[in-house]
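Please keep the sequence and the structure in view while reading.

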Amino acid sequence: MARSASAMRGQILESALRLFAVHGFRGTSLQDIASDAGCSKASLLYHFAGKEKILTELLTPAQDALAALLDRVAGLEGGRLVEETVVGYVDLTLRFRGEVRLLFEHVAEMSCHQDLNVVELADGLLDALAGRSPQAPARVAAWMVVGAVFITGATHDEVAPDEVLRTEMIRSALRMLDHTPS
């Protein structure tokens, strides 16, 4: 029985994410993805114009979720802003672990990707984590949280069950930001 177009697209995306995580974006060919997805390269190219388009489609849900988080916290201030941003960022990082691993492996080239708003979103996240403070201590701590949560989410090491990992990531990020939860 033939797969539907949406099922085929989904399989291609799953295969691409898995292969990119193992071999890297540059180390994975369109033929590799097609073979893993169980389709021809021509079929893959019918669904996606190339690897860049696959990458964009893989990362867009995470990008949209981060943009939604920043919209959700836009009207908040002070401690509530910091807490909501930390919890949201940790949750997104854990929800999109495969995508975070892909970004981690290729962060320099992803930050320049024309279809993604990586730099703009990172700036918004930094500002929210710093409680919108322009002061160096708050900004440095916010950058450290961005990096620490990102790296922890990218790790393949299963140090703890997800709920324990989530709790500790939130607690550690808030401590790094010198913030006591309300």
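**Helix 1 and helix 4**

In this predicted model, Arg9, Ile12, Leu13, Ala16, Leu17 and Phe20 of helix 1 meet Lys51, Ile54, Glu57 and Leu58 of helix 4. Contact means that heavy atoms lie within 4.5 Å. By class, this contact of helix 1 with helix 4 comprises seven nonpolar, no polar and three charged residues. Ala, Val, Leu, Ile, Met, Phe, Trp, Tyr, Cys and Pro count as nonpolar, Asp, Glu, Lys and Arg as charged, and the others, Gly among them, as polar.

Two packed helices are described by the angle between their axes and the distance between the axes. The axes of helix 1 (residues 5-23) and helix 4 (residues 51-73) come within 10 Å and cross at roughly 95°. Helix 1 and helix 4 are therefore roughly perpendicular to each other. Angles under 35 degrees count as roughly parallel, over 145 as roughly antiparallel, 65 to 115 as roughly perpendicular and the rest as oblique. Axes are lines fitted to C-alpha atoms, for helices over the stretch in contact, and angles run from 0 to 180 degrees between N-to-C directions. Helices (H or I, at least four residues) are DSSP runs, numbered from the N terminus.

**How the model is read**

Residues are numbered from 1 along each chain as its sequence is written, and side-chain values use heavy atoms, with hydrogens and water left out. Because the model is predicted, local features need pLDDT of at least 70 and side-chain atom pairs count only at pLDDT 80 or more, while totals for chains, interfaces and linings use all residues.

**The aromatic pair**

The structure holds one aromatic pair. The ring centres of Phe20 and Phe25 are 5.1 Å apart and the planes stand at 65°, so the pair is edge-to-face. Rings of Phe, Tyr and Trp (its six-membered ring) pair if their centres lie within 6.5 Å; planes under 30 degrees apart count as stacked, over 60 as edge-to-face and the rest as tilted.

Phe20 is buried, with a relative accessible area of 1%, and Phe25 counts as buried at 1% relative accessibility. Buried means under 20% relative accessible area, exposed over 50%, and partly exposed in between (1.4 Å probe, protein chains only).

**Helix 8 and helix 9**

Helix 8 (residues 118-129) packs against helix 9 (residues 136-154) at an angle of about 120°, and their axes are 8 Å apart. That angle makes helix 8 oblique to helix 9. The contact joins Leu125, Leu126, Asp127 and Leu129 of helix 8 to Arg139, Ala142, Trp143, Val145 and Val146 of helix 9. Its residues divide into seven nonpolar, no polar and two charged.

Arg132 lies in the loop between helix 8 and helix 9. Although Arg132 is not a glycine, its phi is positive, at about 65°. With a relative accessible area of 34%, Arg132 is partly exposed. Ala148, in helix 9, counts as partly exposed at 31% relative accessibility. The C-alpha atoms of Ala148 and Ala173 are separated by 8.0 Å, although these residues are 25 residues apart along the chain.

**Two further residues**

Lys41 lies in helix 3 (residues 41-47) and counts as partly exposed at 38% relative accessibility. Leaving aside neighbours within four places in sequence, Lys41 is in contact with Leu30, Gln31 and Ala34.

Asp178 lies in the segment after helix 10 (162-176). Its phi is near 60°, a positive value in a residue other than glycine. Asp178 is exposed, with a relative accessible area of 72%.

Terms used
Helices (H or I, at least four residues) and strands (E, at least two) are DSSP runs, numbered from the N terminus.
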